[in-house]
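Please read the points below with the model open beside them.

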Amino acid sequence: MRACFGAKTQQLISRVFIHPVGPSAAVRWRGAQSRLFCSPSTDEEKPQPSMLRHLTSKIKATGPITVAEYMREVLTNPVTGYYVKNNMLGPEGDFITSPEISQIFGELVGVWILSEWMGAGQPKQLQLVELGPGKGSLASDILRVFSQLRSVLGEASVSLHLVEVSPVLSRLQAQNLTGNCSQEADAEDEPVYRSGETAAGLPVSWYRRLDDVPTGFSIFLAHEFFDALPIHKFQRTEKGWREVVVDIDPDKQDQLRFVVAPSPTLSSSTLVQADERRSQVEVCAEGGVIVQQLARRIVEDGGAALIADYGHDGTKMDTFRGFKGHQLHDVLSSPGSADLTADVDFSYLRRMAGGDVACLGPVTQRTFLKNMGIDSRMQVLLRNCSDPSTRKQLISSYDMLTNPDKMGERFHFFSLLHHSRLAKPKKLEGMKLEKKSPALLPVAGFTRLKFS
């Protein structure tokens, strides 16, 4: 069923889209593909000794480790972890994300945030909280929309809160968002380990944990965040569910291999659903905990969460993979030198969110962006762009974001909302006649909409 676009959201999009951008800012495009469209790497590098030595020592001392523990060590080990020591984004890195492809992506997310803020009654406080903010490109594009629509925000107190474990990326984010206007905390154990402000004076704070972000009405963003969280892998056997673990190859002591645990583990006994029909399952317990945190905060303080990632709705089985130099990479080879990822199981996130919040989606990125008005934005940009090269880049970025064979149907959007956001407005009754209440603002991006 088609519905007319809510008047307020339509006005937001129109005000953002009416402004053409100059050639230098027309599109953020890199001559590199997303990590989705890669061929296997042909040159294998020698294992990095430090991480491999650490893992083999750990396994020799305590026995095979879970895939979740392997991912946690490889990605976030404070000394040799991939995310801790590397800048993995962009053409020189191992993958590229939607905000790096085109600024249109961030603009539309910015409009979505303002639409949800308005749908919640325009509270006096708006905390934008991003989990795993990459280079800060998405936040930068969103803040530009906020600047354009400052009159809409009125006197609302707006602040940016970034949850980031990587020192390398946090410094890059600070440079992109605040220039030289940020400083690190004096003590390493401070909840806010870096703080600063944008050129417009908007405060920005960095945290290592979501729990450290202050309470208050917040819109939470997680773009390509959940896919990098540690997963447990399980295999159905004749004796029941068994966990897949990482062990040392007995024939090659400097290599690792997957094995199936001979007996049940605590995880295999508790994380697999009783009615599970697949033969293999990946469960991101850490992602479930974070979704529960988001749900609790939305219930207590108001707000919403928008999760964008590649994933499925409880249908896929074996999605664990590595990426290095924009190519597929063996997950057990050269640990610490490549990104590790697994598709997000949105059915699991929905189950873990519980019934205290409303869940919308997942919908494909193509559907979400088209519902948000990406076609109208493209028309404005192309109409005001005469440079053939820039026009070609705009069309290419649009194709990458929306083409079903590229990012369009591989990435999905999923949202957590306060139940009051979807409640039918009560009718106002006077002494003798019934007055109509304002219509509920539709949730942009998740409803098939049209411009009226």
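This is a predicted model: local features need pLDDT of at least 70, side-chain atom pairs count only at pLDDT 80 or more; totals for chains, interfaces and linings use all residues.

Residues are numbered from 1 along each chain as its sequence is written, and side-chain values use heavy atoms, with hydrogens and water left out.

1. Salt bridges overall. Side chains of opposite charge can pair when their charged atoms come close. The search of the whole structure gives 19 salt bridges, a salt bridge being a side-chain nitrogen of Lys or Arg within 4 Å of a carboxyl oxygen of Asp or Glu.

2. Asp 141 and Arg 144 form a salt bridge, with 3.1 Å between the closest N and O atoms. Both residues are in helix α7 (residues 137-148), 3 residues apart, or about one turn of the helix. Helices (H or I, at least four residues) and strands (E, at least two) are DSSP runs, numbered from the N terminus. Asp 141 is buried at 0% relative accessibility, whereas Arg 144, at 26%, is partly exposed. Here buried means under 20% relative accessible area, exposed over 50%, and partly exposed in between (1.4 Å probe, protein chains only). The pair belongs to a network of salt bridges that links Glu 107, Asp 141, Arg 144 and Arg 377.

3. A buried pair between distant parts of the chain. Asp 345 forms a salt bridge with Arg 278, the closest N and O atoms lying 3.6 Å apart. Asp 345 is in strand β17 (residues 344-345) and Arg 278 in the loop between α10 (266-270) and β12 (280-283), 67 residues apart. Both Asp 345 and Arg 278 are buried.

4. A second pair of this kind. Lys 316 and Asp 343 meet in a salt bridge at 3.0 Å, N to O. The two link distant parts of the chain, 27 residues apart: Lys 316 is in the loop between β13 (303-312) and β14 (321-324), and Asp 343 in the loop between β16 (339-341) and β17. Lys 316 is partly exposed, at 38% relative accessibility, while Asp 343 is buried at 11%.

5. Contact of α6 with α7. The axes of helix α6 (residues 103-119) and α7 come within 8 Å and cross at roughly 55°; axes are lines fitted to C-alpha atoms, for helices over the stretch in contact, and angles run from 0 to 180 degrees between N-to-C directions. The two helices are therefore oblique to each other, as angles under 35 degrees count as roughly parallel, over 145 as roughly antiparallel, 65 to 115 as roughly perpendicular and the rest as oblique. Residues in contact (heavy atoms within 4.5 Å) include Glu 107 of α6, and Asp 141 and Arg 144 of α7.

6. A buried glutamine. Gln 365 lies in helix α13 (residues 365-371) and is buried, with a relative accessible area of 0%. Leaving out residues up to four places away in sequence, Gln 365 touches Ser 98, Phe 105, Leu 401, Met 407, Gly 408, Phe 411, His 412 and Phe 413.

7. Backbone geometry to check. Most residues other than glycine have a negative phi, and most peptide bonds are trans. The bond from Gly 361 to Pro 362 is cis, with omega near 10°, and Pro 362 is in strand β18 (residues 357-364). Glu 224, not a glycine, has a positive phi of about 50° and is buried at 10% relative accessibility. His 326 also has a positive phi, near 65°, and is buried at 14%.
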